[in-house]
Amino acid sequence: MLSAFYDNVNKNLGPTLMWVFFFLLIIELIYVSIKYVVPESKD
């Protein structure tokens, strides 16, 4: 599994980087949404 993933990275660097940034963007959007919906209590 990992060797196939590394072969994919070596052969198709563009699409792999696109997916990596795509997932990072989704994680960031979820994080910001949670921070916005559940504000921290300011003591």
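A residue counts as buried under 20% relative accessible area, as exposed over 50% and as partly exposed in between (1.4 Å probe, protein chains only). This is a predicted model, in which local features need pLDDT of at least 70 and side-chain atom pairs count only at pLDDT 80 or more, while totals for chains, interfaces and linings use all residues. Residues are numbered from 1 along each chain as its sequence is written, and side-chain values use heavy atoms, with hydrogens and water left out.

The protein chain has two helices and zero strands, taken as DSSP runs numbered from the N terminus (helices: H or I, at least four residues; strands: E, at least two). Of its 43 residues, 2% are buried.

Three aromatic pairs are found in the whole structure. The ring centres of Trp-19 and Phe-22 lie 5.6 Å apart with planes at 85°, so this pair is edge-to-face. Rings of Phe, Tyr and Trp (its six-membered ring) pair if their centres lie within 6.5 Å; planes under 30 degrees apart are stacked, over 60 edge-to-face, and the rest tilted. Trp-19 and Phe-22 are three residues apart in helix H2 (residues 13-37), or about one helical turn. Ring pairs also join Trp-19, Phe-22 and Phe-23 into a cluster.

Relative accessible areas of three residues:

| Residue | Relative accessible area | Class |
|---|---|---|
| Trp-19 | 45% | partly exposed |
| Phe-22 | 38% | partly exposed |
| Val-37 | 61% | exposed |

Val-37 belongs to helix H2.
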